[in-house]
Amino acid sequence: MAFMRSHSNASSGMGVAPNIRETFVELQMKKAFRYVIFKIEEKQKQVVVEKTGATTESYDDFLASLPENDCRYALYDFDFVTGENVQKSKIFFIAWSPSTSRIRAKMLYSTSKDRIKYELDGFHYEIQATDPSEVDIEVLRERAH
């Protein structure tokens, strides 16, 4: 009998949209996207895909997609070349929670984070960020090497 994932989180009541896992696999295996941004839809009580970024988009495009005053979850597929001149890719999970966002939003995103991370099993690194300096491209570069 196949293991079925529950689509709810007892601590926050937030579920995860059924296409979240598929979108992650498309980024991870098929390299269909450079990044994916997720948001909590309070009325639907679930985490949904808000935006996907084309593989041609830059890291600056990704950063511009993060709201200045609201929380989000994101995945970013970071390509880099090692010191041995080998092309590599690492997937970062980013919990974006700017200090200027509403307390309720921070609480919802904080209590739902483990639930979405469960669905996105297979990313390499996690970053918790409260301002843009914490998601600077150099932070990713340092972690990936």
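## Basis of the model

The model is predicted: local features need pLDDT of at least 70, side-chain atom pairs count only at pLDDT 80 or more, and totals for chains, interfaces and linings use all residues. Residues are numbered from 1 along each chain as its sequence is written, and side-chain values use heavy atoms, with hydrogens and water left out.

## Overall fold

The protein chain holds 4 helices and 6 strands. Helices (H or I, at least four residues) and strands (E, at least two) are DSSP runs, numbered from the N terminus. Read from the N terminus, the order is β-α-β-β-α-β-β-α-β-α. The radius of gyration is 15 Å, close to the 15 Å that the globule rule gives for 145 residues, so the chain is as compact as a globular protein of that length. This radius is taken over C-alpha atoms, and the globule rule is 2.2 Å times the number of residues to the power 0.38.

Along the principal axes, the C-alpha atoms fill a box of roughly 45 × 45 × 20 Å. Contact means heavy atoms within 4.5 Å. Of the contacts between residues at least 6 apart in sequence, 62% join residues at least 24 apart.

## Surface and charge

Of the 145 residues, 41% count as buried. Buried means under 20% relative accessible area, exposed means over 50%, and partly exposed lies in between (1.4 Å probe, protein chains only). The accessible surface of the chain comes to about 8,000 Å². Carbon and sulfur atoms account for 51% of that surface. Accessible areas come from the Shrake-Rupley method with a 1.4 Å probe; for residues, only the protein chains shown count as cover.

The chain carries 20 positive and 22 negative side chains. Lys and Arg count as positive and Asp and Glu as negative, while His and the chain ends are not counted. The centres of the two sets lie 6 Å apart. Each charge is placed at NZ of Lys, CZ of Arg, CG of Asp or CD of Glu.

## R34, a buried arginine

R34 sits in the loop between α1 (19-28) and β2. R34 is buried, with a relative accessible area of 13%. Its side chain makes a polar contact of 2.9 Å with the side chain of D79. A polar contact is a pair of N or O atoms within 3.5 Å; within protein, one must be able to donate a hydrogen and the other to accept it, and residues adjacent in sequence count only if both atoms are side-chain atoms.

The side chain of R34 also reaches the backbone oxygen of T55 at 3.3 Å. Leaving aside neighbours within four places in sequence, R34 is in contact with residues including L27, G53, E57, L75 and Y76.

Helix α3 spans residues 103-119 and includes S112. S112 is buried, at 1% relative accessible area. Its side chain reaches the backbone oxygen of L108 at 2.9 Å. T111 is also found in helix α3. T111 is partly exposed, at 36% relative accessibility. A polar atom of the T111 side chain lies 3.2 Å from the backbone oxygen of L108. T111 and M14 are 97 residues apart in sequence, yet 8.8 Å apart in space, C-alpha to C-alpha.

I103 lies in helix α3 and is exposed at 58% relative accessibility. I103 and Y125 are 22 residues apart along the chain, and their C-alpha atoms are separated by 26 Å. G122 is found in the loop between α3 and β6 (125-129). G122 is partly exposed, with a relative accessible area of 29%. G122 and F24 are 98 residues apart in sequence and 9.0 Å apart in space, C-alpha to C-alpha. Leaving aside neighbours within four places in sequence, G122 is in contact with F24 and Q28.

## Two loop residues with positive phi

Most residues other than glycine have a negative phi. K45 has a positive value, near 55 degrees. K45 lies in the loop between β2 (35-41) and β3 (46-53). K45 is exposed, with a relative accessible area of 51%.

N85 has a positive phi as well, near 65 degrees. The loop that holds N85 runs between β4 (72-81) and β5 (87-96). N85 is exposed, at 64% relative accessible area.
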